[in-house]
Amino acid sequence: MNPRRVALASFIGNAIELYDFFLYGMAAALVFGEVFFPNLSPLNATLAAFSTHAVAFLARPIGSILFGHFGDRVGRKSVLVASLLLMGLSTAMVGLLPGYATLGNWAPVLLVSLRLLQGLGIGGEWGGAVLLAVEHAPRGRRGLYAAFPQLGPPVGFATATGVFWLLSATLDDAAFTSWGWRVPFLLSFLLVAVGLVVRLKISETPVFARAVAQREASRAPVTELLRRHTRELLLGAGAMAVVYGLFYTSMTYGLSYTTTTLGVERDTMLALSLVACLFLAAGIWIAATRSDRAGRRRLILAGCGLATVWGLLLFPLLDTQRPVLIALALGGALFCVGVASGPMGAFLPELFPARVRYSGAALSYNLGGVLGGGLSPLVIPRLQAGLGSVSIGWYLSALAVLSLICVLALPETRERELV
């Protein structure tokens, strides 16, 4: 199958699943505290909403293990179809879930259950999407082809933000809180259908097909991964920590902080978030495509270095409450994320052999999500409440230094054969 068509298909599917996943974070920042935790104080409601948001990050490694096992045993394509269905349908059901006023304590319980299903689904998505692109790509252009699924997050996030912004701009607060926030979730029913059509038309990767033909597929890929590739797995997870930490701090907690604590208009913040997505896409594209010549490791290190500095600047810029400086804060943060994450689409798969590549790439990616994206929404509100926003900058810079050290301990992979 034409590698360009596969790269485009992996981009579309990843963008749809990331749209689903990001919706939840935005709704947690904007309305979940009021809809599902109205009996709590504003701070505790925010913490509760972000706690349900963090649940998915704990489920993501489990999804990686589950989908990675079958992805390495059965194939990349069929597993991606299953992850799309699980992710899309659980997202759509959030849009149908009654709030606390109707179901009482069952409402947040069911919300957490659906978020767990989201986490399981997204845990298997990224690894399969990048493997489709990388394992179809010609040698010497894997960074370029992996850039397409890596563009799924900014496009998914921009779409989710755009839909929320449109509803927020056209509805009053009562209507938005009552039913408007549900519309983006219900759109997932349509997007699942589109994603299925796209994914059912792609072929299995030639690398996996060759492994099956030569009877080289692993019978217990996760066990083999943990026994033989623990070092690459843990260092890869550490390398991803700053990507998740900086992204979710700026775009999820930052949205809540600016609209509730600083009093910036919700519509303004959603519009500025859309602008920031352009910086994320630019960083991903520049770093991913240049990694075919300059090497993956060098560019990821550059992204971690930039993030070390920008973590300290993020909240001082947000605290100005000036839209131009807020746009600079978010855009700069997401550009750092893009540079650090762009080459990861090729780098993490190249760390592992074909027998365990799905499991290795997916699990390292999502363990990094637990460290950077799962803990940050729980730690950061407490840091801000107890020590002020400057402490958040030091936390983000520490994550960036951790990721930088992990990348330094990993080898360059650009010239490796995918066997």
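Q: In which loop is Q321 found?
A: In this predicted model, Q321 has a positive phi of about 65° although it is not a glycine. With a relative accessibility of 42%, Q321 counts as partly exposed. The residue is found in the loop between α15 and α16 (323-341).

Q: How many helices and how many strands does the protein have?
A: The secondary structure of the protein includes zero strands. Its helices number 20.

Q: Why does the protein count as being as compact as a globular protein of its length?
A: For 419 residues the globule rule gives 22 Å. The radius of gyration of the protein is close to that value, so the protein is as compact as a globular protein of that length. The radius of gyration itself is 20 Å.

Q: What percentage of the residues in the protein is buried?
A: Along its principal axes the C-alpha trace spans about 60 × 40 × 35 Å. The accessible surface comes to about 15,200 Å², and carbon and sulfur atoms account for 68% of that surface. A residue is buried when its relative accessible area is under 20%. Of the 419 residues in the protein, the buried ones make up 61%.

Q: Among contacts between residues at least 6 apart in sequence, what percentage joins residues at least 24 apart?
A: A contact requires heavy atoms within 4.5 Å. Among such contacts in the protein between residues at least 6 apart in sequence, the share that joins residues at least 24 apart is 85%.

Q: How far apart do the centres of the positive and negative side chains lie?
A: The protein has 31 positive side chains and 20 negative ones.

Q: Is C304 buried or exposed, and which cysteine has the sulfur closest to that of C304?
A: The structure holds zero disulfides. C304 has 0% relative accessibility and therefore counts as buried. A disulfide needs two cysteine sulfur atoms within 2.5 Å. At 8.9 Å, the closest cysteine sulfur is too far from that of C304 for a bond, and it belongs to C406.

Q: How far is the nearest cysteine sulfur from that of C336?
A: C336 is buried, with a relative accessible area of 4%. This cysteine is in no disulfide. The nearest cysteine sulfur is that of C304, at a distance of 9.8 Å.

Q: Which residues of α6 are buried?
A: Helix α6 covers residues 142-150. The helix is mostly covered, with eight of its nine residues buried. These buried residues are R142, G143, L144, Y145, A146, A147, P149 and Q150.

Q: With which residues is I300 in contact, leaving aside its neighbours within four places in sequence?
A: I300 has its place in helix α15 and is buried, with a relative accessible area of 0%. I300 and Y24 are 276 residues apart in sequence, and their C-alpha atoms are 28 Å apart in space. Once the neighbours within four places in sequence are left aside, the contacts of I300 are V339, A340, P343, M344, F347 and V407.

Q: What distance separates the C-alpha atoms of L306 and V163?
A: L306 lies in helix α15, which runs over residues 296-318. At 40% relative accessibility, L306 counts as partly exposed. Along the chain, L306 and V163 are 143 residues apart, and their C-alpha atoms are separated by 31 Å.

Terms used. Residues numbered from 1 in each chain as written. Predicted model: local features only at pLDDT ≥ 70, side-chain atom pairs only at ≥ 80, totals over all residues. Heavy atoms only, no water. Helix = DSSP H or I, 4+ residues; strand = E, 2+ residues; numbered from the N terminus. Rg over C-alpha atoms; globule rule 2.2 N^0.38 Å. Buried < 20%, exposed > 50% of the residue type's maximum accessible area, 1.4 Å probe, protein only. Areas by Shrake-Rupley, 256 points an atom, 1.4 Å probe, with all protein chains shown as cover. Lys, Arg positive; Asp, Glu negative; His and termini not counted. Charge placed at Lys NZ, Arg CZ, Asp CG, Glu CD.
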